[in-house]
Amino acid sequence: MTETAVAPPTEPAVRKATPGEARAPRRSGRRRIALPYLLLLPALLLELLVHLVPMLMGIAMSFKELTQFYIRNWGEAPWSGLDNYTVAIDFDAPVGQALLKSFLTTCLFTVLSVGLCWLLGTAAAIFLQENFRGRGFLRTLFLVPYALPVYAAVITWAFMFQRDNGLINHVLHDQLGIGDSPAFWLIGDNSFWALLVVSVWKGWPFAFLTVMAGLQNIPRDMYEAAALDGAGVWKQIRHITLPSLRSVNQVLVLVLFLWTFNDFNTPFVLFGKAAPEAADLISLHIYQSSFQTWNFGTGSAMSVLLLLFLLVVTGVYLLLTSRGRKTSDV
């Protein structure tokens, strides 16, 4: 018997890539790296034109003696150095005293507004987690103040706060008999509370929407297990809901703080160009210092000081919250 020789299997020939084919993956990789920057370019240009350039111009104006005499060509205004800042923080002078009082009023207003917005939004979001008839309608209804244009909503509130024909006095005084006479809501001490009501009404739906989104990430099994262990509603909120919403609340409180402290539209539309002393928020105070006294140098210095304050508060807040997050993770 003769044995037949079996030929070894031949390996397929490997074709060498051409120089053009070798460069193709590199080109595609570069395109993938450059694509995010190209998509961000329009937003960066808008940010540069809308925020950064005016901010830099405002900082430059704060070092000039820019008054009504140099409006046509503010570049020719004389250099004043730190004089505008000295005037703004001289709390023994009328300008500094007025700025300090406006700053303290804004701090009190921001604390109350942010606290009430967070409390109402969180309570409504937790309440609407349960399934019941009409839940979808209530969710839509609660978001109406957030969807309305700011100017239309605040003008409506201004009509409601009118002394003689407003709905607020009609209900409180005419219907409920509270007070000897209709109250003045847009002047005097009551203006602070009127502004606070409008701010909370306008801001709490955002807190409601944010907390409601955060609640979707909490498993229902945790509540069911806690209920089996005998935990009531308040214990479940305290030990499950609030700890699970910590990261959401940290961002929410910071955003509400920045929005409220910088709010200009609400007091301007509600009171006009000159707010009552009790509701003199710092944003409107800086506007009055700039456009009513025509002292844009001092007004710019106040704006820069406000920016520095907000940057410091934001940095300290982020530092404290990050440390607290690391401690809780450990």
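Tutor: The unreviewed UniProt entry lists "transmembrane region" for residues 33–53, 103–128, 140–160, 192–215, 244–261 and 300–320. The model here is predicted. Take two of those stretches. Residues 192–215 are 100% helix and 0% strand, and their end C-alpha atoms lie 33 Å apart. Residues 244–261 are 94% helix and 0% strand. For residues 244–261 the end C-alpha atoms are 27 Å apart.

Now the packing. Two packed helices are described by the angle between their axes and the distance between the axes. Start with helix H3 (residues 94–127) and helix H11 (residues 246–261). The angle between H3 and H11 is about 140 degrees, and their axes are 9 Å apart. Angles over 145 degrees would count as roughly antiparallel, and 65 to 115 as roughly perpendicular. H3 and H11 are therefore oblique to each other. The crossing of H3 and H11 is right-handed.

Which residues meet there? From H3 come Phe 103, Thr 106, Cys 107, Phe 109, Thr 110, Ser 113, Val 114, Cys 117 and Trp 118. From H11 come Asn 249, Leu 252, Val 253, Leu 256, Phe 257, Thr 260 and Phe 261.

Look at Ser 113 in helix H3. Its relative accessibility is 0%, so Ser 113 counts as buried. Set aside neighbours within four places in sequence, and Ser 113 is in contact with Leu 196, Ser 199, Val 200 and Thr 260. Thr 260 is one of the H11 residues in the H3 packing.

Next, helix H6 (residues 150–160) against helix H8 (residues 190–215). Their angle is about 140 degrees, and their axes are 11 Å apart. That makes H6 oblique to H8. The crossing of H6 and H8 is right-handed. H6 supplies Val 150, Ala 153, Val 154 and Trp 157 to the contact. H8 supplies Val 197, Val 198, Trp 201 and Lys 202.

Move to Asn 84, in helix H2 (residues 83–88). Asn 84 counts as buried because its relative accessibility is 7%. Its side chain reaches the backbone oxygen of Lys 64 at 2.9 Å. Beyond neighbours within four places in sequence, Asn 84 touches Met 61, Ser 62, Phe 63, Lys 64, Gly 297, Thr 298 and Ala 301.

Thr 298 lies in helix H14. At 7% relative accessibility, Thr 298 is buried. Outside four places in sequence, Thr 298 is in contact with Asn 84, Val 87 and Val 95. The C-alpha atoms of Thr 298 and Asp 83 are separated by 8.5 Å, although the two residues are 215 residues apart along the chain. The side chain of Thr 298 also makes a polar contact with the side chain of Asn 295, at 3.2 Å.

Finish with Trp 294. Trp 294 sits in the loop between helix H13 (282–291) and helix H14 (296–329). Most residues other than glycine have a negative phi. Phi of Trp 294 is positive, near 60 degrees. With a relative accessible area of 41%, Trp 294 is partly exposed. Buried would need under 20%, and exposed over 50%.

Notes: Residues numbered from 1 in each chain as written. Predicted model: local features only at pLDDT ≥ 70, side-chain atom pairs only at ≥ 80, totals over all residues. Heavy atoms only, no water. Helix = DSSP H or I, 4+ residues; strand = E, 2+ residues; numbered from the N terminus. Buried < 20%, exposed > 50% of the residue type's maximum accessible area, 1.4 Å probe, protein only. Polar contact = N/O pair within 3.5 Å; in protein donor to acceptor, adjacent residues only side chain to side chain. Contact = heavy atoms within 4.5 Å. UniProt positions renumbered as here; feature names shortened; annotations may be inferred. Axes fitted to C-alpha atoms, helices over the stretch in contact; angles between N-to-C directions. Parallel < 35°, antiparallel > 145°, perpendicular 65-115°, else oblique. Left-handed = near helix turned anticlockwise from the far one by under 90°.
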